[in-house]
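Here are my notes on the model, as numbered points. Please read them beside the structure.

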Amino acid sequence: MALGRCGNADHLAVLIALLASTDDPFIRHGAVLALSELGSPAALQSISKHPNPAARIGAIVALRRMRAPEVRAFLDDPDTTVLREAARAIHDDGGIAEAMADLAGLQGSSLHDEAIGRRVLNANVRRGTTDAAQTLAAFAINTNHASTLRIEALDCLRTWTNPETFDRVNGRLVEDPKGTLEDAQTATRQLAGLLNDPDKAIQTAIAKLAETHSVTFNDTIFLAWLSDPNQQTAVKLQALRILADGENAEQSFAIAIQDPEPEIHAEGIRRLAGINATTALSALETRLSEATTTAPLQIYYRTLRDWPDASAIPRMKKYLSAIASVPTGAQFELHQA
């Protein structure tokens, strides 16, 4: 550390050799501090060709301390550990804006590493450009990437026009640029093939994305999801919400009302109430008469609470008069209604 304050560029070679030969974290820290004080960004960039990974990491950390965009030279490093350090240097703690585009455009097998992959995705969010939206879409389509990262790419597009308040990687308060709705819709339309992805979580994510940006796909796919007894509840709910605003709305409500899952048929009843309150109320009464346990009753009473007109009031009074027979856990929802 003293050498860093009173030495000169001639000592760089000694410091690099020290980094390559020591396993002591304190010595490494001192050497990195000295590098950041003695070395120029160009000199430290040249270390990207050094054969020792520890020396390259030391140079990256020094460039990170200097906020020098020359750290981009390490983004093609064959060592995942080194590359991960370079991604952190560019992305974390406010990042290095001049090198963000280089990180956002990173390709190859290194993206299989979650720490690197998440930073690459978030770098595209920070850019907020048309190219960045296309990069996220291409990432989501690529089945070579981990499912968790593909879902993260879809969620980045979901919040494209209204970015998260807190950073997706390290939770810092951020003000990422708002992307355009046109870019989000264009990217979403390119992802229609994911509606048939074997991963149900990806199906849910693309349905949520389409709903957020008001992008419509072929209703046949969503009707098939809604009718599939093996489909996940979250996927069915997304399909129902998308279909609710289209020409197959009433058909989707009819399918949902017959679904055995309380959350699904309650949502179908609630949607149907907006266009035919009498039929919907009759369907809800049938479900209430069949329900004996707390969870479905809670769902049905919440549906009554949000009824669009006064036709449900006599039913609610009837249920309230017999509240002693209602399971304790559902009484609160009935009072709310």
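1. Helices are DSSP runs of H or I with at least four residues, strands are runs of E with at least two, and both are numbered from the N terminus. On that basis R67 lies in the loop between α5 (53-66) and α6 (80-91). The phi of R67 is near 55 degrees, a positive value in a residue other than glycine. R67 counts as partly exposed because its relative accessible area is 43%; the class lies between buried (under 20%) and exposed (over 50%), with a 1.4 Å probe and protein chains only.

2. On provenance, this is a predicted model, in which local features need pLDDT of at least 70 and side-chain atom pairs count only at pLDDT 80 or more, while totals for chains, interfaces and linings use all residues. Residues are numbered from 1 along each chain as its sequence is written, and side-chain values use heavy atoms, with hydrogens and water left out.

3. Overall content: the protein has 20 helices and 0 strands. Of its 337 residues, 47% count as buried. Taking contact as heavy atoms within 4.5 Å, 59% of the contacts between residues at least 6 apart in sequence join residues at least 24 apart.

4. Overall dimensions: the radius of gyration is 28 Å, whereas a compact globule of 337 residues would have one near 20 Å. The radius is taken over C-alpha atoms, and the globule rule is 2.2 Å times the number of residues to the power 0.38. The C-alpha trace spans about 90 × 45 × 30 Å along its principal axes.

5. S214 sits in the loop between α12 (200-212) and α13 (219-227). With a relative accessible area of 59%, S214 is exposed.

6. L173 is found in the loop between α10 (147-158) and α11 (181-189). Its relative accessible area is 64%, so L173 is exposed. Leaving aside residues up to four places away in sequence, L173 touches T165 and F166. Between the C-alpha atoms of L173 and K318, which are 145 residues apart along the chain, the separation is 50 Å.

7. Helix α17 (residues 277-290) packs against helix α18 (residues 294-305) at an angle of about 155 degrees, with the axes 10 Å apart. The two are therefore roughly antiparallel. Axes here are lines fitted to C-alpha atoms, for helices over the stretch in contact, and angles run from 0 to 180 degrees between N-to-C directions. Angles under 35 degrees count as roughly parallel, over 145 as roughly antiparallel, 65 to 115 as roughly perpendicular and the rest as oblique.

8. On the α17 side of that contact are L281, L284, R287 and L288, which meet L297, Y300, Y301, T303 and L304 of α18. By class the contact of α17 with α18 holds 7 nonpolar, 1 polar and 1 charged residues. Nonpolar covers Ala, Val, Leu, Ile, Met, Phe, Trp, Tyr, Cys and Pro, charged covers Asp, Glu, Lys and Arg, and the others, Gly among them, are polar.

9. Helix α16 (residues 262-273) also packs with α18: the axes come within 10 Å and cross at roughly 10 degrees. α16 and α18 are therefore roughly parallel to each other. P262, E263, H265, A266, I269 and R270 in α16 meet P296, I299, Y300 and T303 in α18. That contact of α16 with α18 has 6 nonpolar, 2 polar and 2 charged residues.
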